[in-house]
Amino acid sequence: MLSFSREVKEEIVFNDFETSCQKALMCALIKVIGTLSLSQSGLLLTMRTENAKIASKSHKILKELYQPHIEFLVSKKMKLKKNNVYILRITKAREILDDLHLMEGLSFHQFPDKRILTRDADIRAYLAGVFLGCGSVNNPDTSNYHLEMSLNDESYAHFVKDLMNKFELNAKVIKRRNKYIVYLKSAERIGDFLRAIGASQSVMNFEITRIDRSMTNTVNRWNNCDIANEMKAMSASQKQIEDIAYVMDKAGLEILDAKTREVAYIRLENPELTLNELAEVYLMKTGKSISKSGLHHRFAKIKEEAMKLRSMED
């Protein structure tokens, strides 16, 4: 069974990227998993990864952009896991690195050139490359939501954090042994980041699994409750969440007005709450009151948008 991290990475790898995004992606991957050395034929770029699909994607993009000679090798790690390591040895290194503005003497620039990150799409592709190279995310069926990227250099880790926070993700950096970890702990922010780097199907799976787990935990606490009423409320909540997740995946919650969008986020964060309880949370979070009928109206609008999007696919 694939880990959730691997599922996310393989979804990203199968995306199509326009040329500027391909360059941003490769710029990040080379920075994170690349090394430079001198050979008889000149400067040699070597990339190493334990994911065959990442190696294959890198090979494909480099061939399309630069037509270098690439030697594709597989070796076995000597540590306990003994995973395969996929190695690309790439000629034309100077030409590639100059085009990506990555070269500084005989080493990589500390940070990518501004010309590589001119648009939001390029920044998203760059972050996708960093995640492919050194990222991981916990399976959503655990209670400990955690996404991280492990980097060697503190200033570069803060640069990646700042890039992520352009999307209001509240990323942070900690030091763990000799590495600097850029991380997210909020389930909502992890979903936002995965969506930003092109893993929308993984976001859907993440949200559904998280909600199912939350509902299971809630059911286990139903000892002295009226179970019939609770089940009815949970069924309504599940349908609301399915509509929210569908709109989020197909069009983004930005198509909703601000008040409806806020209600959607609060429902995702609180799948077990009744409408009365949701109204209390809404008041605490926004400072504004909303009635039970007001919530009904907002969920009806979300349902209407979801139905429109579904009808477009039929």
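Which residue forms a salt bridge with Lys23, and how far apart are the closest N and O atoms? The first legend has the answer, after a word on the model.

This is a predicted model, in which local features need pLDDT of at least 70 and side-chain atom pairs count only at pLDDT 80 or more, while totals for chains, interfaces and linings use all residues. Numbering runs from 1 along each chain as its sequence is written, and side-chain values use heavy atoms, with hydrogens and water left out.

**View 1. Lys23 pairs up with Asp99.** The closest N and O atoms of this salt bridge are 3.0 Å apart; the term covers a side-chain nitrogen of Lys or Arg within 4 Å of a carboxyl oxygen of Asp or Glu. Lys23 sits in helix α2 (residues 19–33) and Asp99 in helix α4 (residues 93–99), so the pair ties together parts that are 76 residues apart in sequence. Helices here are DSSP runs (H or I, at least four residues), strands are E runs of at least two, and both are numbered from the N terminus. Lys23 is partly exposed at 23% relative accessibility, and Asp99 is partly exposed too, at 28%. On this scale, buried means under 20% relative accessible area, exposed means over 50%, and partly exposed is in between (1.4 Å probe, protein chains only).

**View 2. Asp113 meets Arg115 in a salt bridge.** Their side chains come to 2.9 Å, N to O. Asp113 is partly exposed, with a relative accessible area of 21%, whereas Arg115 is exposed at 56%. The whole structure holds 19 salt bridges.

**View 3. Glu188, Arg189, Asp192 and Arg195 form a salt-bridge network.** Within this group, the side chains of Arg189 and Glu188 meet at 3.1 Å, N to O. Arg189 is partly exposed, with 26% relative accessibility.

View 4. A cavity is a set of points on a 1 Å grid over the protein atoms alone where a 1.4 Å probe fits but cannot get out, and its lining residues have an atom within 4 Å of a point. Helix α7 (187–196), α8 (200–220) and α10 (258–269) each supply at least two residues of the lining, with α7 giving the largest share, 4 residues. By class, this lining has 3 nonpolar, 1 polar and 6 charged residues. Ala, Val, Leu, Ile, Met, Phe, Trp, Tyr, Cys and Pro count as nonpolar, Asp, Glu, Lys and Arg as charged, and the others, Gly among them, as polar.

**View 5. Met47 is among the residues lining the second largest cavity.** About 30 Å³ of space lies in this cavity, and its lining also includes Ile33, Arg48, Ser58, Tyr86 and Leu88. β2 (42–49), α3 (52–66) and β4 (84–90) each give two or more residues to the lining.

**View 6. Met47 belongs to the largest nonpolar core.** Such a core is a set of buried Ala, Val, Leu, Ile, Met, Phe, Trp, Tyr and Cys residues joined through side-chain atoms within 4.5 Å. Of the 67 residues in this one, Ile30, Met47, Met164, Phe193 and Leu194 touch the most other members.

Technical notes: 1 Å grid on protein atoms, 1.4 Å probe; cavity = no way out; pocket = protein on both sides within 12 Å on 5 of 7 lines; lining within 4 Å. Points joined across faces, edges and corners; volume = space filled by probe spheres on them.
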